[in-house]
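Subject: Structure handover

Hi,

Here is the structure I promised you. Please open it alongside this note. My findings follow below.

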Amino acid sequence: MDILGATLRVCVDDLDKAIPFYEQLAGGRALRFERGGVQVAAIGCFLLMSGPPSELDLLRKVAATIAVTDVAETARVLADLGADIIAGPVPTPVGRNLIARHPDGMVYEYADRRP
């Protein structure tokens with residue numbers, strides 16, 4: 001399992017208002033998509049999310065998104081290390097992801113990217 005980097009998850013009230021700031025901060029353009037009623041913008045190392053409070057409350061429980069080379073392999077490694085796979089692996093608009101709870105209680109999303 002190779003960890004490629006991490007993305008900071010930021011819940012915002014107004015995605016359209018937040019995007020210009022983060023585009024200038026990160027020096028890149030937003031990749032926008034929707035998932036489960038939540039509007040998302042990926043900009044550099046930031047993942048901005050806006051949507052219904054009930055959805056955002058769930059998303060705030062995930063500390064970060066960790067990019068990996070292969071989510072299926074990551075699921076095996078995490079399980080071997082004692083983590084609980086809460087959800088996934090499942091397909092996403094850009095690859096696959098899973099949600100795992102580490103033995104210390106922290107919850108992370110792991111995602112890979114497919115061409």
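A salt bridge here means a side-chain nitrogen of Lys or Arg within 4 Å of a carboxyl oxygen of Asp or Glu. Keep in mind that this is a predicted model.

**Salt bridges**

Asp70 and Arg96 meet that definition, with N to O at 3.5 Å. Asp70 sits in the loop between β5 and α3, and Arg96 sits in strand β7, so their pairing ties together parts that are 26 residues apart in sequence. Both side chains belong to partly exposed residues: Asp70 has a relative accessible area of 25%, and Arg96 has 23%. Salt bridges with shared partners join Asp70, Arg96 and Asp112 into one network.

The whole structure holds seven salt bridges. One of them pairs the side chains of Asp16 and Arg32, at 2.7 Å from N to O. Asp16 is in helix α1 (residues 15–26) and Arg32 is in strand β2 (residues 31–35), so this bridge ties together parts that are 16 residues apart in sequence. Asp16 is exposed, at 52% relative accessible area. Arg32 is partly exposed, at 41%.

Glu23 also forms a salt bridge, with Arg29; their closest N and O atoms are 3.5 Å apart. Glu23 is buried at 16% relative accessible area, whereas Arg29 is exposed at 69%.

In soluble globular proteins, nonpolar side chains tend to be buried together. The largest nonpolar core in this model has eleven residues, including Ala64, Ile66, Val68, Leu78 and Tyr108. Helix α3 gives the most, with three residues.

Take a look at Ile66. Leaving aside residues up to four places away in sequence, Ile66 touches Ile3, Gly5, Ala6, Tyr108, Glu109, Tyr110 and Ala111. There is also a second, separate core of ten residues, with Leu15, Ala41, Ile43 and Leu48 among them.

**Thr7**

Thr7 lies in strand β1 (residues 3–11). Thr7 is buried, at 17% relative accessible area. Its contacts, beyond residues up to four places away in sequence, are Cys45, Phe46, Leu47, Ala64 and Thr65.

**Aromatic pairs**

The count is two aromatic pairs. Phe21 and Tyr22 form an edge-to-face pair, 5.1 Å centre to centre with 85° between the planes. Tyr22 is buried, at 16% relative accessible area. Ring pairs link Phe21, Tyr22 and Phe46 into a cluster.

Best wishes

Key:
Residues are numbered from 1 along each chain as its sequence is written. This is a predicted model: local features need pLDDT of at least 70, side-chain atom pairs count only at pLDDT 80 or more; totals for chains, interfaces and linings use all residues. Side-chain values use heavy atoms; hydrogens and water are left out. A nonpolar core is a set of buried Ala, Val, Leu, Ile, Met, Phe, Trp, Tyr and Cys residues joined through side-chain atoms within 4.5 Å. Buried means under 20% relative accessible area, exposed over 50%, partly exposed in between (1.4 Å probe, protein chains only). Helices (H or I, at least four residues) and strands (E, at least two) are DSSP runs, numbered from the N terminus. Contact means heavy atoms within 4.5 Å. Rings of Phe, Tyr and Trp (its six-membered ring) pair if their centres lie within 6.5 Å; planes under 30 degrees apart count as stacked, over 60 as edge-to-face and the rest as tilted.
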